[in-house]
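Thank you all for coming.

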Amino acid sequence: MRRLDRHPLRPYRFAMGLKTFTEEFKQEFYQLLEARRSIRKFKSDPVPQDVLDRVLAAGMQAPSGKNFQNWRFYVLRGKKRDEYLGYSQKSWTNIQPILQKQLKPSLYAFTERFFYTLGDAPVVILCYSMNNPQEHPMTSAGSVYMAVENMNLACFAEGLGCCTMGAPLEIEKEIDQFLGVDQLDDYKAGHLKLLCGVVLGYPDHEPPKAPRQLEGRVTYL
Ligand SMILES: Cc1cc2nc3c(=O)[nH]c(=O)nc-3n(C[C@H](O)[C@H](O)[C@H](O)COP(=O)(O)O)c2cc1C
């Protein structure tokens with residue numbers, strides 16, 4: 001088991017206080033948002049430890065309700081990641097009937113393969129919320145998702161790709177047992193809750209950008 005100690009973002013840190021960013025940086029930042037897309041096919045290259053540490057540390061820069069920092073990440077690689085494939089396949093069984101109706105055949109076949117192989121992603125991160133009775137569960141969940149988005153963006157900044165997956169929720173209890181979190185007192189007390197998975201690695205495809213709709217999404221009053 002490995003734990004983060006020295007801060008992985010130390011080389012990128014700046015003196016405390018607000019910083020003004022250059023026009024060039026702003027441009028690149030918005031390009032990063034635009035360039036991010038879900039990656040579902042990965043090269044077999046492993047993700048170096050320092051890169052993975054930075055991605056996780058980026059997640060933990062996120063805001064959180066009451067600053068509880070209630071995210072808990074379980075990182076699977078190697079044998080444990082291989083074992084997880086069986087669970088991904090199982091989660092597909094529940095989702096399959098919906099997607100069979102919704103997707104065109106080629107995309108359906110691709111998605112099925114993705115669930116069976118996780119696109120050969122070398123890393124799977126299972127993201128939990130440690131809920132606190134002093135915080136609304138929705139706020140706790142939202143805080144974890146903010147961290148997940150930070151990780152999505154950090155992946156792209158690092159030249160990695162990733163896909164956030166709600167599918168593990170289909171077999172939530174089984175995953176809790178697989179990770180052993182069901183043995184923790186916080187879990188037994190009902191505080192520790194699975195929210196999603198993030199699979200990541202170096203991208204091996206360039207999917208088109210899923211179009212965004214602006215209509216009806218924002219109302220100024
Ligand atoms: C909370 C959440 C759950 C998701 N679950 C899955 C999933 O189980 N399987 C999958 O292939 N993609 C999943 N996605 C990825 C979405 O399909 C994807 O973000 C969306 O189609 C937009 O495409 P883009 O990420 O390329 O912009 C999920 C995304 C989010 C934010």
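Let me begin with a term: helices (H or I, at least four residues) and strands (E, at least two) are DSSP runs, numbered from the N terminus. What you see is a predicted model, in which local features need pLDDT of at least 70 and side-chain atom pairs count only at pLDDT 80 or more, while totals for chains, interfaces and linings use all residues. Residues are numbered from 1 along each chain as its sequence is written.

With that in hand, please look at the loop between H2 and S1, where Gln 69 is found. Gln 69 is not a glycine, and yet its phi is positive, at about 50°. Lys 66 is found in the loop between H2 and S1 as well, and its phi, near 55°, is again a positive value in a residue other than glycine.

I will speak of burial several times, so here is the rule: a residue is buried if 20 or more other C-beta atoms lie within 10 Å of its own, exposed if 12 or fewer, and partly exposed in between, with C-beta atoms placed from the backbone. Lys 66 is exposed, because it has 12 other C-beta atoms within 10 Å, and Gln 69, with 15 other C-beta atoms within 10 Å, is therefore partly exposed.

Let us turn to the interior. In soluble globular proteins, nonpolar side chains tend to be buried together. By a nonpolar core I mean a set of buried Ala, Val, Leu, Ile, Met, Phe, Trp, Tyr and Cys residues joined through C-beta atoms within 7 Å. Which members of the largest nonpolar core touch the most other members? Among its 37 residues, they are Val 124, Cys 127, Met 151, Cys 162, Val 198, Val 199 and Leu 200. The elements that each supply at least two residues of this core are the helices H2 (49-59), H3 (78-102), H4 (105-117) and H5 (137-157), together with the strands S1 (71-76), S2 (123-130), S3 (161-165) and S4 (192-201).

Is Cys 127 buried or exposed? Cys 127 is buried, because 23 other C-beta atoms lie within 10 Å. Two residues are in contact if their C-beta atoms, placed from the backbone, lie within 7 Å. Leaving aside neighbours within four places in sequence, the contacts of Cys 127 include Trp 71, Phe 73, Val 144, Val 148 and Val 198. Val 198, for its part, touches Ile 125, Cys 127, Val 148, Met 151, Cys 162 and Thr 164, not counting residues up to four places away in sequence.

Now to strand S4, which is the place of Leu 194. Leu 194 is buried, because it has 22 other C-beta atoms within 10 Å. Beyond its neighbours within four places in sequence, Leu 194 is in contact with Leu 126, Tyr 128, Pro 168, Leu 169, Glu 172, Ile 175 and Asp 176.

Two of those partners deserve a word. Glu 172 is found in helix H6 (residues 172-179), and it is partly exposed, because 13 other C-beta atoms lie within 10 Å. Glu 172 and Ser 91 are 81 residues apart in sequence but 9.1 Å apart in space, C-alpha to C-alpha. Ile 175 lies in helix H6 too, and it counts as buried because it has 23 C-beta neighbours inside 10 Å. With neighbours within four places in sequence set aside, Ile 175 is in contact with Tyr 87, Leu 126, Pro 168 and Leu 194.

Finally, the helix packing. Axes are lines fitted to C-alpha atoms, for helices over the stretch in contact, and angles run from 0 to 180 degrees between N-to-C directions. The axes of H3 and H4 come within 9 Å and cross at roughly 165°. Angles under 35 degrees count as roughly parallel, over 145 as roughly antiparallel, 65 to 115 as roughly perpendicular and the rest as oblique, so H3 is roughly antiparallel to H4. Among the residues that make the contact are Ser 88, Trp 92 and Leu 99 of H3 and Tyr 108, Phe 115 and Tyr 116 of H4.

The axes of H2 and H5, in turn, come within 7 Å and cross at roughly 145°. Their contact is made by residues including Val 55 and Leu 56 of H2 and Val 148 and Met 151 of H5.
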